Amino acid sequence: MSTDITLTVNGESYPLSVDAHASLLQTVRSQVGLTGSKEGCDDSECGACMMLIDGRPVNSCSYLAVQADGAEITTVEGLAEGPELSTLQRTFLEKGGVQCGFCTPGMLVSATALLRDNPAPSDDEIRIALSGNLCRCTGYDGIVAAVAAAAEQG
Ligand code: FES
Ligand code: FES
């Protein structure tokens, strides 16, 4: 059975008809057409699907699209500042925080929420904030350095 909802993704409204059991991740990827958020485990384990829902980082694979009706959703595509990369996106590139890139969208979303709430985190605080995001390439040192550099640059 389908349900009519409206998702607001990166400031744009999308009226959609969704299956009641469809995840937010599936819906954003297949119906909204934004594929930056990745499906890794599909079980709230890896963080590759992380989105901000009303500013809060959430594993979108385990969140129903119908639950997000009317919420403000931000995906990795919404983090850039116009045509420019965000500071975090740039420091991920500069500090070697990206290897295969599969975890990167989720890392960027979680790190964005961290720096909004704590603009000057310690390395330990960065590691704790990103503990729900797994990097199969194990490039954690570069990722932490990238977040620290973004914090330094404000
Ligand atoms: S795909 Fe959602 S947590 Fe892994
Ligand atoms: S860069 Fe490959 S999974 Fe993190």
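This note goes through the domains, the sheet and the helix packing of a predicted model.

1. Domain layout. The protein chain splits into domain 1, covering 2–78, and domain 2, covering 87–153. Their C-alpha centres are 21 Å apart. Twelve residues of domain 1 and eleven residues of domain 2 take part in the contact.

2. The domain 1 face. On the side of domain 1 that touches domain 2, strand β3 (residues 50–53) gives the most, with three residues. By class, this side of domain 1 has eight nonpolar residues, three polar and one charged.

3. Sheet order. The sheet is open and has five strands. Their order is β2-β1-β5-β3-β4, with mixed pairing. β2 (12–19) and β4 (56–59) are the edge strands, and each pairs on one side only. From one strand to the next, the twist averages 40°.

4. The β1–β2 end of the sheet. β1 and β2 run antiparallel and are joined by eight bridges. T6 has P15 of β2 as its bridge partner. The two strands form a hairpin, with two residues between them. In that turn, N10 has a positive phi of about 50°. This is a point to look at when checking the backbone of the turn.

5. The parallel pair. Which sense does the pairing of β1 and β5 take? It is parallel, over two bridges. V9 stands opposite I73 in β5.

6. The β5–β3 pair. Strand β5 (residues 72–74) pairs with β3 in the antiparallel sense, again over two bridges. I53 has I73 of β5 as its bridge partner. L52 stands opposite T74 in β5.

7. β3 and β4 pair in the antiparallel sense over four bridges.

8. Helix α1 (residues 24–32) lies across β1 (2–9), β2 and β3. α1 runs at about 110° to β2. Helix α3 (residues 104–117) lies across β3 and β4. The angle of α3 to β3 is about 35°.

9. α2 against α3. How do the axes of helix α2 (residues 87–94) and α3 cross? They come within 10 Å and cross at roughly 130°. That angle makes α2 oblique to α3. The crossing is right-handed. α2 brings L88, Q89 and F92 to the contact, and α3 brings T104, L108, A111 and T112. Of these residues, four are nonpolar, three are polar and none is charged.

10. α2 against α5. The axes of α2 and helix α5 (residues 140–153) come within 8 Å. They cross at roughly 135°, which makes α2 oblique to α5. α2 passes α5 in a right-handed crossing. From α2, the contact takes T87, L88, T91, F92 and E94. From α5, it takes A146, V147, A149, A150 and Q153. The classes are six nonpolar, three polar and one charged.

11. α2 in both contacts. L88 and F92 are among the α2 residues that meet α3. L88 and F92 are also among those that meet α5. Q89 belongs to the α3 contact, while T87, T91 and E94 are listed for the α5 contact.

12. β3 in summary. β3 pairs with β5 over two bridges and with β4 over four bridges. Both α1 and α3 lie across β3. β3 also gives the most to the side of domain 1 that touches domain 2.

Definitions and conventions:
Residues are numbered from 1 along each chain as its sequence is written. Chains are lettered from A and ligands numbered from 1 in the order in which they are written. This is a predicted model: local features need pLDDT of at least 70, side-chain atom pairs count only at pLDDT 80 or more; totals for chains, interfaces and linings use all residues. Domain bounds come from an automatic or database domain assignment. Two residues are in contact if their C-beta atoms, placed from the backbone, lie within 7 Å. Ala, Val, Leu, Ile, Met, Phe, Trp, Tyr, Cys and Pro count as nonpolar, Asp, Glu, Lys and Arg as charged, and the others, Gly among them, as polar. Two strands pair if DSSP finds at least two bridges between them. Axes are lines fitted to C-alpha atoms, for helices over the stretch in contact, and angles run from 0 to 180 degrees between N-to-C directions. Angles under 35 degrees count as roughly parallel, over 145 as roughly antiparallel, 65 to 115 as roughly perpendicular and the rest as oblique. A crossing is left-handed if the near helix is turned anticlockwise from the far one by less than a right angle, and right-handed if clockwise.
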